[in-house]
Amino acid sequence: MERPIYVTEVAEREPKYNAGLMVTLDLWHDKGASEWWKQFSKKTSFTFKSRCFFGKEGERLFHQLQEAIKKRDAEGVRNILPKMNIYCQTNYEDLKSIQKWAHKAIQMPGDIGGPRKKEVREFLTSQASGRVLETMCGFNSYFDDSLNITEVVALDFCKEMLERYAYPKRIKILYDLEQVVKGKQMNFFADGSFQTVGCWGSNYLSRQKPVFTEFRRILSESGKLLILENIFEGYSDLIKRHFNPEKCAKSMRESGFDVKIQPLPWLKSTWVLGDYYLVQGIK
Ligand SMILES: C[S@@+](CC[C@H](N)C(=O)[O-])C[C@H]1O[C@@H](n2cnc3c(N)ncnc32)[C@H](O)[C@@H]1O
């Protein structure tokens with residue numbers, strides 16, 4: 001039996017800024033400044049070395065840059081940009097997908113989507129029981145400790161995510177589910193050894209059916225596979241397909257599950273565009 005790779009290290013989530021994205025987000029409400037910045041970058045043929053990440057000094061300069069953009073201070077912007085280049089560590093677009101996820105693990109200051117994630121977590125915790133496997137867990141667990149749950153095992157292919165996982169004492173396993181797509185089994189998990197499996201990123205998998213079939217193998221009789229997604233959300237540079245509850249349900253059925261689709265209209269907030277669904281597969 002293959003031994004899993006355990007991640008025991010714990011790391012802080014530091015606010016490192018994704019410059020290209022943060023300029024856009026920060027100027028979101030300031031249409032004039034946003035347009036000015038767009039024209040300015042075109043005219044000077046300046047583009048951020050794609051989306052780059054800065055340390056503390058870089059952040060200071062970044063805030064100066066934002067202020068200069070808001071004031072439409074062309075000379076100020078021209079002075080700051082070359083200094084910022086020094087702090088560009090990597091050209092984001094050149095990274096492999098696992099490295100992009102690693103950046104996302106440390107990048108989000110103040111938890112994008114924070115309050116909604118709390119509601120999602122409370123709901124999913126109420127749906128789970130027994131021994132639970134939280135796959136594609138990221139740093140933000142959707143399973144709280146609860147009386148119905150005996151254990152949560154976390155799994156992700158990104159070490160940086162697992163190091164920042166919200167429950168550092170849980171067992172954390174580093175594993176790429178694309179291995180399952182290629183025909184492998186997670187044979188460090190015995191048949192029927194979980195009562196619940198959660199999967200928070202099935203749209204990032206190249207194929208879902210083999211992975212759902214493997215989830216079914218490790219679930220006990222009547223065990224549940226839970227997938228909760230929004231039809232609109234997903235990182236455009238990483239996603240393989242947008243979530244479609246019917247198509248997800250079809251892949252689950254083909255993997256041998258009985259399936260229920262539950263729309264979750266109460267999860268929608270004013271700034272969230274798509275609808276949320278829980279697709280639940282019962283073994
Ligand atoms: C949408 S995020 C996690 C969701 C998280 N609970 C949240 O707050 O939204 C998707 C996660 O899937 C992981 N992931 C992507 N591809 C994977 C793969 N092939 N195998 C395992 N994990 C993967 C990423 O590292 C990332 O942590």
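Q: Which strands does α10 lie across, and at what angle does α10 run to β8?
A: In this predicted model, α10 lies across β6, β7 and β8. The direction of α10 is at about 10° to that of β8.

Q: What order do the strands of the sheet take?
A: As a general idea, strands of a sheet pair through backbone hydrogen bonds, either parallel or antiparallel. Here 8 strands form an open sheet with mixed pairing, in the order β1-β4-β3-β2-β5-β6-β8-β7.

Q: In which sense do β2 and β3 pair, and over how many bridges?
A: The pairing of β2 with β3 (residues 149–156) is parallel and covers 6 bridges. Within β3, Leu 155 is the residue opposite Thr 135.

Q: Where does α9 pack on the sheet?
A: Helix α9 touches β2, β5, β6 and β8, and its direction makes about 140° with that of β6.

Q: Is α9 mostly covered or mostly uncovered?
A: Mostly covered: of the 10 residues of α9 (residues 209–218), 7 are buried. They are Pro 210, Val 211, Phe 212, Glu 214, Phe 215, Arg 216 and Ile 218. Besides strands β2 (130–135), β5 (194–199), β6 and β8 (276–282), these buried residues pack against helices α8 (178–181) and α10 (245–254).

Q: Which residues of the largest nonpolar core touch the most other members?
A: The general idea is that nonpolar side chains tend to be buried together in soluble globular proteins. In this case the largest nonpolar core has 45 residues, and those touching the most other members are Met 161, Val 197, Phe 215, Ile 218, Leu 225 and Ile 227. Strand β6 (residues 219–230) gives the most to this core, 5 residues. Another core, of 5 residues, lies apart from it and includes Leu 65, Ala 68, Ile 69 and Val 77.

Q: What does Ile 227 touch, leaving out residues up to four places away in sequence?
A: Ile 227 is in contact with Cys 199, Ser 202, Cys 248 and Val 279.

Q: How many residues are around the ligand, and which come nearest?
A: There are 17, of which Met 136, Gly 138, Asn 140, Phe 157 and Gly 201 come nearest. By class, the shell around the ligand holds 10 nonpolar, 3 polar and 4 charged residues.

Q: How many helices and strands does the protein chain have, and what share of its residues is buried?
A: The chain has 10 helices and 8 strands. Of its 283 residues, 32% count as buried. Among contacts between residues at least 6 apart in sequence, 66% join residues at least 24 apart.

Terms used: Residues are numbered from 1 along each chain as its sequence is written. This is a predicted model: local features need pLDDT of at least 70, side-chain atom pairs count only at pLDDT 80 or more; totals for chains, interfaces and linings use all residues. A nonpolar core is a set of buried Ala, Val, Leu, Ile, Met, Phe, Trp, Tyr and Cys residues joined through C-beta atoms within 7 Å. A residue is buried if 20 or more other C-beta atoms lie within 10 Å of its own, exposed if 12 or fewer, and partly exposed in between; C-beta atoms are placed from the backbone. Helices (H or I, at least four residues) and strands (E, at least two) are DSSP runs, numbered from the N terminus. Two residues are in contact if their C-beta atoms, placed from the backbone, lie within 7 Å. A residue is near a molecule or strand if its C-beta atom, placed from the backbone, lies within 6 Å of it. Ala, Val, Leu, Ile, Met, Phe, Trp, Tyr, Cys and Pro count as nonpolar, Asp, Glu, Lys and Arg as charged, and the others, Gly among them, as polar. Two strands pair if DSSP finds at least two bridges between them. Axes are lines fitted to C-alpha atoms, for helices over the stretch in contact, and angles run from 0 to 180 degrees between N-to-C directions.
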